Amino acid sequence: MVAFGKKLKENQIQEWQGHYINYKLMKKKVNRYAQQIEVGAQNRLYVLMDFAKLLDSQIEKIVLFLLEQQGILASRLSNLREQHDALSQQPDGLKVSEIKEAYRAVGRDLLQLLFFVEMNAIGLRKILKKFDKRFGYKFTNYYVKTRANHPYSLLQQVFKHVGIGAVAGAISRNLADLQDHQGSYISIYDQPASSLTDPVIDSINAAVDRLTNSTNFLHFLGKHALIMQEELPTPSEDHAVDQRYHFMSLLLNLANTFLYMVNTYIIVPTADNYSLSLGAAATVCVFSSVYFSAWSNKSYMRPLLFSSIVLLVGNVLYALAYDLDSISVLIIGRLFCGLGSARAVNRRYISDCVPLKLRMQASAGFVSASALGMACGPALACLFQTNFKIYKITFNDNTLPGWFMVLAWLVYLLWLWISFREPFHEAKENIAPLEVNAALLVNEAVENGLTQPLLLNSKAKEEDEDQECDGAEEDSNEIQKPVTSLVLAYRLLTPSVKVQLYIYFMLKYAMEVLLAGSSVITTYYFVWSTRHVAIFLACLGLTVLPVNMVVGSYISNMFEERQVLLASEIMVCIGTLLSFNVVIPYSVLQYVGSGLITFVSAEVLEGVNLSLLSRVMSSRLSQGTYNGGLLSTEAGTLARVVADGTITLAGYLGEGMVLNVTLLTSLFICISSIIATCFTYNTLY
């Protein structure tokens, strides 16, 4: 296998090698600072200022070269503009083709420049992260705060690529003019929807979007799945994933996600009759996520089969509990349903077995299936308002959800057995290092040596190269080694990651308090029937996709992700405050309005939160059993456990206390997450 440092060097433009960030030198500086501080040779303030000067120098080198290359591209475009104008006087088909190809050549050179900027931006983020890890997690906050908005700072040039958009726009406009609108007065500015479709332009747009964290609805939706993309896949890696891909198997995974969400929310409208079972499903799900994630190292079909069988049995017990008049059977049934959660397998399958070009679509499908299931569950419960018996078995609004899910899982089991194709698992432990995502392939690989130091004599350079090769091999093996326990995974969590996981816990807690407590609260205050509760919950679920469409297509392109993150947290807090029962009588308008604000804000927050989490999380958590997806699943599951437990305990104080007691806890968690976000805000740059 090719070491990551060598892989990145192969992708470098040799003529530009001296203009890349000198990552190796900076990493040596960090290690030297650590040794000096340990023996007392330097103080932390000197280290902070000296490293800041070094970073300023490196950024200046990058930006000046970037401006120089932009000038060269602009000059070439200016010459082509003159030739283009001459064609309007004397049209020549052959000359048009030559100029179009010349514009594409400029576009390809712009792509190289974009890749240059991207690699340096990753290197800067990586060295800041490393410095924080070694010296108490304060430098990034200081450096970003003092450089980000300063009029003389060059940092914005690296992360915002000022000027590149103008070059890309000139190429796109002129190619469109030459190809589609010859002899026409209409331009791409008049008809933006009919912009030119050209492979070079598409590649430039994709590179610019990646560099600016710009997004659209599909990509924003896919971020909810916390399935990170590869940026520099090798042909062998891409081919291996292509061999494992099977569309029907992917569809079965998405169907499993949909059915599980339906199974979870179909009982919520009748939850007041089963208050003792609140929290049971989520509690067991904490453990099921771990063993399913571990099981998926060897197989995907077997855990899906086991999950479906367990869920089928759980729903049978849940439905029979009514006729058996047994609370124990009811609780055991819900425990089985929690035990059948296979979301860790669903995420893992998309990450491991879907090709890169389809992975974002599959991730968006995963999120859409979850949202649709969340809406369909209560909607189906609304249809089960009947009561009859067949052979002493009762079918009513309490038992029909269970019997319906029994039938659904039985059909799914047959479909799974017939159509699922088990992916190839050749020496999974050995090939796991190959299945890396963007963070592993780019962020960590950069550490293994992007460039040679600029000021080294030949002898020192040879020694450095030898040491670099040895270090690269050792670091590569260490980086690629999957985490083997939750304890090791926890040790890899930086304060930024911990805060993002806490935010995820907060938003899931707020949503669970709203959804799981809706049946008890609406019955007590408004005397709502099961049908009314079901309609309310279904309407909340149906807001997921439209809200993500607006945020993904517009809001996330207008503001930084960290800004949307903080604003969404504040809106969740406002929605929670508005939900308190302070004014008597408590109105339907107040409850529904505040609930809608809380739910929609939490949905927006989830996408941004998981997007930031994928950026700041260690690349070692991208593979193996204890991966980033599992950690986020555990955080969300734990939130539901605590929320359901809070509702149950509040119920012992009386139904009139459930609303304010649960909201008080939710408000405290929300405020604490906002404070934590403010402390780590500048590290999310």
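Okay, a definition to start: a nonpolar patch is made of nonpolar side chains joined within 5 Å, from residues with over 30% relative accessible area and no salt bridge. Keep that in mind, and remember that what we're looking at is a predicted model.

So, which residues make up the nonpolar patch on the surface here? They're I309, V313, I332, L335 and F336, and together they have about 350 Å² of accessible area. Two elements each give two or more residues to it: helix 13, which is 301-324, and helix 14, which is 327-339. Helix 14 supplies the largest share, with 3 residues. Take F336, which sits in helix 14. Its relative accessible area is 30%, so we call F336 partly exposed, since that category runs between 20% and 50%.

Now let's go inside. The largest nonpolar core has 112 residues, and Y412, F420 and F599 are the ones with the most contacts within it. Helix 22, residues 495-516, brings the largest share of this core, 15 residues. There's also another core lying apart from it, with 52 residues, including I13, I99, I164 and I171.

Leaving out residues up to four places away in sequence, Y412 touches L252, N253, A255, N256, L259, L304 and S308.

Last stop, helix 11, residues 247-265. How many of its 19 residues are buried? It's 14, so helix 11 is largely enclosed by the rest of the structure.

Definitions and conventions:
Residues are numbered from 1 along each chain as its sequence is written. This is a predicted model: local features need pLDDT of at least 70, side-chain atom pairs count only at pLDDT 80 or more; totals for chains, interfaces and linings use all residues. Side-chain values use heavy atoms; hydrogens and water are left out. A nonpolar core is a set of buried Ala, Val, Leu, Ile, Met, Phe, Trp, Tyr and Cys residues joined through side-chain atoms within 4.5 Å. Buried means under 20% relative accessible area, exposed over 50%, partly exposed in between (1.4 Å probe, protein chains only). Helices (H or I, at least four residues) and strands (E, at least two) are DSSP runs, numbered from the N terminus. Contact means heavy atoms within 4.5 Å. Patches are made of residues with over 30% relative accessible area and no salt bridge: like charges are joined within 9 Å, nonpolar side chains (Val, Leu, Ile, Met, Phe, Trp, Tyr) within 5 Å. Accessible areas come from the Shrake-Rupley method with a 1.4 Å probe; for residues, only the protein chains shown count as cover. A salt bridge is a side-chain nitrogen of Lys or Arg within 4 Å of a carboxyl oxygen of Asp or Glu.
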